[in-house]
Each structure stands twice: as C-alpha cells, then as structure tokens.
Amino acid sequence: MPTVGIFPASGALASSTYNHLVNRIPKDNIILVSRYPEKLPDDVLDRRRAAYEDTPEELEAAFANIDVLFLVSYPSHVHEFRTEVQLPAISAAHKAGVKHIFYSSLAFALPENTTTKAEVMGAHLDSEEHLRSLSSMDPSFTWTSVREGLYHESYPIYTSFFDIRNPVEEILIPHDGSPPGISWANRDELGEATAILIAQYVKDPSTYTHKNEVVKLTGPTEWSLADTVKTLSAAIGKPVRIRQISVDEYVALPQVLSYFGFEERARTWATAWDAIRAGEAAYVSNTLEELLGRKPEPFDVTIQKLVGL
C-alpha cells in the first residue's frame, strides 16, 4: 500500500484530514511532516521535521519514501511570497519520488477559473499550474487540487473580525452584502472529504478518477454576506448589520491593522471582496455531499454550535 505524507501536518485542516484518514488506511502508512514534529500526536509512528522555508534539498529529504503527499498550502495570503515557497516544495516532492500530490487550494476562482481578483487565490493558481507542468513533463506524476470551500469558521476575516463573544452592531467592510456570496463549508467536513479522496487513491491508484483534476468542495448553499451577517445576528440574539466603507477606511480599522500588521497587507487582503463581488466564491458543487454520503452541515448550524461553546 502506498505511503501517505501530510505537510505541514499541524494546522487545523491537516489535523482533521489525518484524524479521518487513520480510520481509512493503516496508521503505519501515514507520515506527518511538521516544523515542530514534537507537537504532533504521540501515536504518529513516523514524524519528520521540515518547513516550507527549508532548502529544496532539505524538503526532498523530508519527502523521501512518501508515495502520496497531501500538501497543505502555506498560511499567508500574499501572492508572490506564497508562490515563492510553495513551488519549490512541490518540485522537491516530485524530485523525491512522490507519485501523486493532493494540494489544498481554495474555493475562489470557481468552478475552474485560472484567473482571480483575489490576492489570496493567486498562489493557489500558480501552484495548480506548476502541478500541471510537472505532470505534463512526467506522465508518471499526477495530482489533485482540492479547492477547499471557505471555512464556516473563517467568517471573522470576511466580517472585519466580528467577535461573537464581544459583538458590535455594525460590521464595516468594503462590500454592501448583496449577492453573489459564498458557499461556506465546514472545515472538519472538508478534512473528512479530503481524507476520503486520499483513501480512494491509496486503495487503487490505477482507477482513481480525479487524477490531474481540480476537485471543488463547497457547502450546499450560497450565502450572501448580508445573509451571513443575519445568521450571526440571529445566533447571538442581537442586531448586527453591514455598513459598506471604502478600502482606505477598511485598512485603517484598528482590528484590521492588529491582524495584518500594516495597511498594505490589509489592502491586498481586501481584494477578496472584489472576488466575492465577481461571484468567484458563489459556485455550489455537490461533490462534498457525494464524498461524505450525507448532507454537509449548513453554515448557520456551525455558527450556532460556535456560539454555544
């Protein structure tokens, strides 16, 4: 049976995928690669140390004897920087002998666009193109890009960091809340579905149906940002509304500056609303439901659970 590596293995999506994967393939076939391997679960039999910032040679060594790699994208929305660290990692995996890469892309530019208005999606498109290029040069190498739906749990970054524990009455964003919106998806269900895709490949690589494809994992319903905020309002039992502001006003908000560090980085993030406005995140696919074998959890149900925590 092929060995499966997850890199980086310590984030929420990677952890969810691992937790669901161990129920589908033998644990001793799974290799976790992390900047801090000592922080990985104690029951992991093969833990290795590596980080995106390592040299190609160090990454190649970390990926040795891995047949299938789940490559989780680098946690930055900055296009150029993210591309600069991700493409060498993909190349290192290929050079190490990885036969198939599952890449965690993002659910902008849906369903299969190769251009985007969102800075956060740029490096994903670059990485998908790099995977295509490698498989074109080497037919024995294949890939699957999983455009993971925008997480239910990530709503704060699209709502000026709205806090359900300390709510405000107005959410100030450079968008009026009108459709098109977002097909929100539950993060753990995305991890489960990704694990199912990986297990399908491991079971029989020769019959795996998503080789050299983009797989769209979205929630079952498109939610406008206005409906998203109505859901937050209903969950906390207090009135909340959107007030549209300019990008200049947005990047100067204290909570935005606190998160991004400086205005220019916040300004590049604000392109996400241009992409939402263009309908890039509104597409609804039934693939998540098909993989799970059940209806995905709706956005409002997840929010109600978060409020109840």
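In the predicted model, serine 105 has arginine 147 of strand E6 as its bridge partner. On its other pairing, E6 meets strand E8 in the parallel sense over 5 bridges, and here glutamate 148 has leucine 217 of E8 as its bridge partner. E6 is mostly covered, with 7 of its 7 residues buried; on one side these are Thr142, Thr144, Val146 and Glu148, and on the other Trp143, Ser145 and Arg147, so that both faces are covered.

These strands form part of an open sheet of 7 strands, paired in parallel and ordered E3-E2-E1-E4-E5-E6-E8. Its edges are strand E3 (46-49) and strand E8 (213-217), each of which pairs on one side only, and the twist from one strand to the next averages 20 degrees. Elsewhere in the sheet, strand E1 (residues 4-7) runs parallel to strand E4 (residues 68-72), the two being joined by 4 bridges, with phenylalanine 70 in E4 as the bridge partner of isoleucine 6. Helix H4 (residues 119-137) packs on the sheet, where it touches E5, E6 and E8, and its direction makes about 160 degrees with that of E5. Together, E5, H4 and E6 make a right-handed β-α-β unit.

Helix H5 (residues 187-203) has 17 residues and spans 24 Å from its first C-alpha to its last, close to the 24 Å expected at 1.5 Å a residue. Because 13 of its 17 residues are buried, H5 is largely enclosed by the rest of the structure. At the start of H5, a side-chain oxygen of asparagine 186 comes to within 3.0 Å of the backbone nitrogen of aspartate 188.

Key:
Residues are numbered from 1 along each chain as its sequence is written. This is a predicted model: local features need pLDDT of at least 70, side-chain atom pairs count only at pLDDT 80 or more; totals for chains, interfaces and linings use all residues. Side-chain values use heavy atoms; hydrogens and water are left out. The expected span of a helix is 1.5 Å times one less than its number of residues. Buried means under 20% relative accessible area, exposed over 50%, partly exposed in between (1.4 Å probe, protein chains only). A polar contact is a pair of N or O atoms within 3.5 Å; within protein, one must be able to donate a hydrogen and the other to accept it, and residues adjacent in sequence count only if both atoms are side-chain atoms. Two strands pair if DSSP finds at least two bridges between them. Axes are lines fitted to C-alpha atoms, for helices over the stretch in contact, and angles run from 0 to 180 degrees between N-to-C directions. Contact means heavy atoms within 4.5 Å. A crossover is right-handed if, with the strands pointing away from the viewer, the path from the first strand over the helix to the second runs clockwise.
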